[in-house]
Amino acid sequence: AVSIRQIVETYLKGWELGDGALSLSATADSFCYDDPNTGRIPRNEFVAFVEDFKRAAIEMGAAENANPFLRYSDVVIKEDELPATVWCWWQAVGTELQGSALVHVGEEGVLHEKIAYFSRLPG
């Protein structure tokens with residue numbers, strides 16, 4: 001069986017590489033992604049969402065085909081009960097685009113991710 005940690009590593013590796021299909025491979029059928037700017041992204045729109053996210057990062061100064069695309073720090077995995085909870089800090093390499101993510105993971109894969117952006121308030 002695939003461990004919770006392996007699921008998390010595959011999911012984050014996809015984001016790190018900017019490979020939405022790799023991240024998607026670690027998700028459950030019921031997976032959805034919550035972004036405060038775009039709203040709720042269902043599983044069947046996720047790969048396109050990752051591509052849009054990469055385009056936005058490039059407009060903000062990220063290199064085309066940056067590797068890594070996202071850099072993760074402070075990854076914390078709480079897996080004493082399921083679904084497991086993962087918190088991490090992410091940054092699009094070469095940009096000021098960064099924030100935190102909250103990810104829920106079950107034995108069947110990543111169930112949900114919700115992100116927050118770290119930025120100044122407008123005005």
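In this predicted model, a hairpin of two residues joins strand β5 to strand β6.

## Strands β4, β5 and β6

Strand β5 covers residues 98-106, and strand β6 covers residues 109-117. The two strands run antiparallel and are joined by eight bridges. One of the paired positions is leucine 102, whose bridge partner in β6 is lysine 114.

Strand β5 also pairs with strand β4, again in the antiparallel sense and over eight bridges. Here valine 86 has valine 103 of β5 as its bridge partner. The hairpin of β4 and β5 has five residues between the strands, and in it glycine 94 takes a positive phi near 85°.

In a regular strand, side chains alternate between the two faces of the sheet.

## Two buried residues in strands

Threonine 85 belongs to strand β4, which spans residues 84-92. Is threonine 85 buried or exposed? Its relative accessible area is 14%, and a residue under 20% counts as buried, so threonine 85 is buried. Apart from its neighbours within four places in sequence, threonine 85 is in contact with Val76, Ile77, Lys78, Leu102, Val103 and His104. Two of these residues have already been named above: Leu102 as the bridge partner of lysine 114, and Val103 as the bridge partner of valine 86.

Aspartate 34 is found in strand β1, residues 27-35. Aspartate 34 is likewise buried, with a relative accessible area of 14%. Which side chains make polar contacts with the side chain of aspartate 34? One is the side chain of arginine 40, at 2.9 Å, and another is the side chain of histidine 112, at 2.5 Å. When residues up to four places away in sequence are not counted, aspartate 34 touches Gly39, Arg40, His112, Glu113, Lys114 and Ile115.

## Aromatic rings

The model contains 14 aromatic pairs. Tryptophan 15 and phenylalanine 53 form one that is edge-to-face, with 5.4 Å from centre to centre and 75° between the planes. Because tryptophan 15 lies in helix α1 (residues 4-17) and phenylalanine 53 in helix α3 (residues 46-59), this pair ties together parts that are 38 residues apart in sequence. Both tryptophan 15 and phenylalanine 53 are buried.

A further pair is formed by tyrosine 33 and phenylalanine 49; the ring centres are 4.8 Å apart and the planes stand at 45°, so the pair is tilted. Tyrosine 33 lies in strand β1 and phenylalanine 49 in helix α3, so the pair ties together parts that are 16 residues apart in sequence. Tyrosine 33 is buried, with a relative accessible area of 2%. Phenylalanine 49 is also buried, with a relative accessible area of 7%.

## Salt bridges

Side chains of opposite charge can pair when their charged atoms come close. How many salt bridges does the structure hold? There are seven, and the table gives some of them.

| Salt bridge | N to O distance |
|---|---|
| Arginine 5 and glutamate 79 | 2.9 Å |
| Glutamate 51 and lysine 54 | 3.2 Å |
| Lysine 78 and glutamate 81 | 3.5 Å |

Arginine 5 forms a salt bridge with glutamate 79. Arginine 5 lies in helix α1, while glutamate 79 lies in the loop between β3 (70-78) and β4, so the pair ties together parts that are 74 residues apart in sequence. Arginine 5 is partly exposed, with a relative accessibility of 41%. Glutamate 79 is partly exposed as well, at 34% relative accessible area.

Glutamate 51 and lysine 54 are both in helix α3, three residues apart, which is about one turn of the helix. With a relative accessibility of 33%, glutamate 51 counts as partly exposed.

Lysine 78 meets glutamate 81 in a salt bridge and is partly exposed, at 34% relative accessibility.

Terms used: Residues numbered from 1 in each chain as written. Predicted model: local features only at pLDDT ≥ 70, side-chain atom pairs only at ≥ 80, totals over all residues. Heavy atoms only, no water. Helix = DSSP H or I, 4+ residues; strand = E, 2+ residues; numbered from the N terminus. Buried < 20%, exposed > 50% of the residue type's maximum accessible area, 1.4 Å probe, protein only. Polar contact = N/O pair within 3.5 Å; in protein donor to acceptor, adjacent residues only side chain to side chain. Contact = heavy atoms within 4.5 Å. Pairing = 2+ DSSP bridges. Phe/Tyr/Trp six-rings, centres within 6.5 Å; stacked < 30°, edge-to-face > 60°. Salt bridge = Lys/Arg side-chain N within 4 Å of Asp/Glu carboxyl O.
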